Each structure stands twice: as C-alpha cells, then as structure tokens.
Amino acid sequence: MTILITGATGKVGRRVAAGLHDLGVPFRVAGRASTPPFDWTDDSTWGPVLDGVRSAFVVPLDGAQLTRPFLAAAAGRGVRRIVLLSGRGVDVPDYLPPDVMAGNVHVDGEAALRSSPVDWTILRPGWFAQNFSEGFFRDAVLAGDLRLPAGDGATSFVDAGDIAAVAVAALTEHGHAGQTYELSGPRALTMAEAAAEISAAGREVRYTHVPHDDFVRELVDQGWSKADAEGHAISVSPVRRGIEAYLSDGVERALGRPARDFRDVVRDAAEAGAWA
Ligand SMILES: NC(=O)c1ccc[n+]([C@@H]2O[C@H](COP(=O)([O-])OP(=O)(O)OC[C@H]3O[C@@H](n4cnc5c(N)ncnc54)[C@H](OP(=O)(O)O)[C@@H]3O)[C@@H](O)[C@H]2O)c1
C-alpha cells in the first residue's frame, strides 16, 4: 500500500514527495509525465494511479470541477485517507465575486471530501510565499517591478514547505482526521514590504500599485485573454481589500511549531538560485 501524490511536480506536491522520501515512506507521484500518467482531464488515467493506494494527497486542478469524481473514484478503489489542498477564503462569502466563488473548485471539493467515507484532512493555505520565486509573480520579480492592483493591502504569506509538512503529518500520523487546517505565515506583509524583503535577500524589486482596469489592459497588451486578465486581477482583490492579512494557526496546531517567516523563505529561495 502506498501514498499517492497528485500535483507532485508543483510547489507543494514536490515538497510532500521530499518529505515522504525523507521519512522512508513509500509513495507514488502522479502527473502528466509520470508512469503511469495521470491527467485530471482524462478519467481513464485515474484508475491505474489509484491501484494499491491507501492514502492520497490531492492537489485539485483549478478551473475544473473534477475533485468530486476523483474522490469518489479514490474511495471506490479502497483509498482510506485523503489530504486535500484547498485554499483560505472558500468559506468567506464575499472573498471573491459570487460567480467566481460559485466556480471555485475548492468549494465543491471540500464539500465532496467531507461527505466521503474516507478519513479526511483539509489544508486551507493563504497565498504562498513561493508565488514570488516559483509561481505567478516570479517574472515580475525578475523584471524588477511587481505591478499589481493590490494597493497597500497585506498578506500573511505561507511557506509551501510548511503546507507540505502539514500534509506529510496528516498523511503519516494519527490525530489529523476531520481537521481543517487554515495555514498562514507568522505575519502579514504588504506587497511593498514583500518586495523589500526580496530585495534584501539579493534580488532587487519594487512594488507598483496598478489600478484594476490598467492592470487588465497591461496583461491584455502582453497577450493575455481579457477573461484571464480579469480573472487574475480579481484574484488579487482580497489582498487589496485587506482580507488576506489575518493570521491562521494551522501550522502551529498541526506541527506544534511556529510557521516560517517570509524573510527566511525568500532568503532560502535566493540562496537556492530562484532568481538567478
Ligand atoms: N499559489 C497560491 O498562493 C495558492 C494559495 C491557496 C491555494 N492554492 C491552490 O494550490 C493548488 C496548486 O498547487 P501548487 O501551487 O503546488 O501547484 P503548481 O505549482 O501550480 O503546479 C501544478 C501541478 O498541477 C499538475 N497538473 C496541472 N495540470 C494537470 C493535469 N491536467 N493533470 C494532472 N496534473 C496536472 C502539475 O503536474 P504535471 O505538470 O506534472 O502534470 C503540477 O504538479 C491550486 O489548487 C490552488 O488553488 C494556491
């Protein structure tokens, strides 16, 4: 019996695989380039990766309501424990506009998992600190100008390593079933403060607030579709409105230690050559 990791090449899944490897726990990675391959959008690939699996770490595919049928397939094949990566804000009615919330994969994914027969743990991280070094802000950091419609709103960025550590604990230890862990870092930073931390770590970058409509126009000029540009701008709006600034205690609750600070995360990223 093994542990399945979806999203295993991503920011969190890669760290979950490393954590299980360090513990000597058998696991199977599942992605479009794995053997056997796993593609969220092709359910004929689901069965082979679920064979012989007792526990699974599930990283949903954003924009596709596929978590529910995948969880059903997993339970049907004998998976007993599932740790689901969700996101903070799913239970906040005005976190995003109603039509966006209605299409949020994590809302339905969480509901499906809570009513499934498996032992479940839900991880609800806020914004990842690694968005700057491995995710959708990396190009802006490399360009030296983080241009966002975020105003002076603050975000309690969480380390993807902490998210993965909680996932590994939930996959391998007793005592995490039925828990929903909201995960943040230990302090909130404005985008200007985040840029200053990255600069202090060795990669010079400034933050420029760009009004929503100008931001969308800039992205469209760069070749984005209008819909994607709007979606990206809207996803930043909770930061501007200040509702991403609160702290969550999930890392401490699950691991019995404090969450890692943004400063330490970006220092490690710089040392690892994230912006080289
Ligand atoms: N970034 C944030 O600040 C943030 C905050 C809260 C929640 N989240 C949630 O975190 C999740 C993303 O996690 P992440 O950032 O660790 O991932 P990521 O770095 O964006 O990587 C995406 C992963 O999804 C896999 N993938 C993409 N398309 C796939 C497909 N068609 N079939 C199978 N696998 C596919 C990729 O694997 P292959 O390429 O190997 O197939 C890759 O491992 C999302 O659900 C998002 O809502 C993110």
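Author: Happy to; what follows sets each value beside its definition.
This is a predicted model, in which local features need pLDDT of at least 70, side-chain atom pairs count only at pLDDT 80 or more, and totals for chains, interfaces and linings use all residues. Residues are numbered from 1 along each chain as its sequence is written, and side-chain values use heavy atoms, without hydrogens and water.

Reader: How do you know what radius of gyration a compact globule of 276 residues would have?

Author: The rule is 2.2 Å times the number of residues to the power 0.38, with the radius taken over C-alpha atoms. For 276 residues that is near 19 Å, and the chain has 19 Å, so the two agree. The C-alpha atoms fill a box of roughly 50 × 35 × 35 Å along the principal axes.

Reader: What makes a residue count as buried, and what share of the chain does?

Author: Buried means under 20% relative accessible area, exposed over 50%, and partly exposed in between, using a 1.4 Å probe and protein chains only. By that cut-off, 50% of the 276 residues are buried.

Reader: What share of the contacts with a separation of 6 or more joins residues 24 or more positions apart?

Author: Such pairs make up 76% of them, a contact being heavy atoms within 4.5 Å.

Reader: Why is the bond between Thr35 and Pro36 called cis?

Author: Its omega is about -5 degrees, and the bond is listed as cis. Most peptide bonds are trans. Pro36 sits in the loop between strand E2 (27-30) and helix H2 (46-50); helices (H or I, at least four residues) and strands (E, at least two) are DSSP runs, numbered from the N terminus.
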